[in-house]
Amino acid sequence: MLSIAQAATLACILEATAPKVGNVHRGADFEGLHFADFLASAVAVGPAMERAVETGVGRAVLEAIAATRALVDTNTNLGMVLLIAPLAAVPREQSLASGIATVLQKLTANDSELVYEAIRLAKPGGMGETAEMDVAGAAPTSLLAAMEHAKDRDLVARQYCDNFALVLNEILPSLLRGQERGWSLSDNIIREHVRLISEYPDSLIVRKCGSEIATRASAYASQVLQAGEPDDENYHAALSDFDFW
């Protein structure tokens, strides 16, 4: 059985290695952001996630981001760290489905302060400003209240409000169905990513390019899904066009 640190690192490596549309992967770097940065970041977060059961979510998030920034100059994994930390904090003897609600309900004002500190340290692009609970200001006493405030524009925040329902009840079963159909893990991850874009306008695209472009991306993703499945040539052609766009 993998340790929590190994599982967290492997998840981050798989996320970065699968050539998801519009993302850095082993065949595509961005200016100032490279595939190797994501691999280094994946290794960096492991120890903090291993300790999450003892240290709590906020400390795990901050330690993971601090370890990442010691190796990488830009934000590579804030979203992944925010998603993984509560799951890593569920005691190993409990299932994620039964334990995640308890972890989230036990979040404290200190967790909120540490997560806000981690977000400022990560310096994610395109965050903008909000009238309430802005990350540039003081942390609220309730991290869940901050996530509630952001959930309509950020899918990561929504997981904190819905006990990770999208991750555990929708994405995981979908990945398992793809596995049963014989799809490779990489193809499975890519298709799930496209499916999510088709159903939920990408919050990073909204922040950086506006809601109109995000809506166009969702429509484009739907066309890719309609072109076929990972075994079909038309699907891969549509996927390549979407990636180029």
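Reply: Angles under 35 degrees count as roughly parallel, over 145 as roughly antiparallel, 65 to 115 as roughly perpendicular and the rest as oblique. Keep in mind that this is a predicted model.

Me: Fine. At what angle do H11 and H13 pack?

Reply: Helix H11, residues 185-199, packs against helix H13, residues 211-226, at about 135°, and their axes are 7 Å apart. H11 and H13 are therefore oblique to each other.

Me: Which hand is the crossing of H11 and H13?

Reply: H11 passes H13 in a left-handed crossing. On the H11 side the contact is made by Arg191, Val194, Arg195, Ile197 and Ser198. H13 contributes Ala217, Ser218, Ala221, Ser222, Val224 and Leu225.

Me: How many of those H11 and H13 contact residues are nonpolar, polar and charged?

Reply: The contact of H11 with H13 has 6 nonpolar, 3 polar and 2 charged residues.

Me: Now H1 and H5. What angle there?

Reply: Helix H1, residues 4-17, and H5 pack at about 150°, with axes 11 Å apart. Angles over 145 degrees count as roughly antiparallel, so H1 is roughly antiparallel to H5.

Me: Is the H1 and H5 crossing left-handed or right-handed? And which residues make the contact?

Reply: The crossing of H1 and H5 is right-handed. Ile4, Ala8, Cys12 and Glu15 of H1 meet Met80, Ile84 and Ala88 of H5. By class, this contact of H1 with H5 has 6 nonpolar residues, no polar ones and 1 charged.

Me: Zooming out, how many helices and strands are in the protein chain?

Reply: The protein chain has 14 helices and 0 strands. Read along the sequence, the pattern is α-α-α-α-α-α-α-α-α-α-α-α-α-α.

Me: What is the radius of gyration of the protein chain, and what would a compact globule have?

Reply: A compact globule of 245 residues would have a radius of gyration near 18 Å, and the protein chain has 18 Å, which agrees. Its C-alpha trace spans about 50 × 45 × 35 Å along the principal axes.

Me: What share of the residues is buried?

Reply: Buried residues make up 42% of the 245 residues in the protein chain. As for contacts with a separation of 6 or more, residues 24 or more positions apart account for 60% of them.

Me: On to the loops. What is phi of lysine 123?

Reply: Lysine 123 has phi near 55°, a positive value in a residue other than glycine. Most residues other than glycine have a negative phi. Lysine 123 is in the loop between helix H7 (109-122) and helix H8 (143-150).

Me: Is lysine 123 buried or exposed?

Reply: Lysine 123 counts as exposed because its relative accessibility is 62%, and the cut-off for exposed is over 50%.

Me: And phenylalanine 164, what about its phi?

Reply: Phenylalanine 164 has a positive phi of about 60° although it is not a glycine. Phenylalanine 164 is in the loop between helix H9 (155-161) and helix H10 (165-180). It is buried, with a relative accessible area of 0%.

Me: Last one: where is glutamate 93?

Reply: Glutamate 93 is in the loop between helix H5 (78-88) and helix H6 (96-105). Its relative accessible area is 69%, so glutamate 93 is exposed.

Me: How far apart are glutamate 93 and leucine 10?

Reply: Glutamate 93 and leucine 10 are 83 residues apart in sequence and 21 Å apart in space, C-alpha to C-alpha.

Note on methods. Residues are numbered from 1 along each chain as its sequence is written. This is a predicted model: local features need pLDDT of at least 70, side-chain atom pairs count only at pLDDT 80 or more; totals for chains, interfaces and linings use all residues. Side-chain values use heavy atoms; hydrogens and water are left out. Axes are lines fitted to C-alpha atoms, for helices over the stretch in contact, and angles run from 0 to 180 degrees between N-to-C directions. Helices (H or I, at least four residues) and strands (E, at least two) are DSSP runs, numbered from the N terminus. A crossing is left-handed if the near helix is turned anticlockwise from the far one by less than a right angle, and right-handed if clockwise. Contact means heavy atoms within 4.5 Å. Ala, Val, Leu, Ile, Met, Phe, Trp, Tyr, Cys and Pro count as nonpolar, Asp, Glu, Lys and Arg as charged, and the others, Gly among them, as polar. Buried means under 20% relative accessible area, exposed over 50%, partly exposed in between (1.4 Å probe, protein chains only). The radius of gyration is taken over C-alpha atoms; the globule rule is 2.2 Å times the number of residues to the power 0.38.
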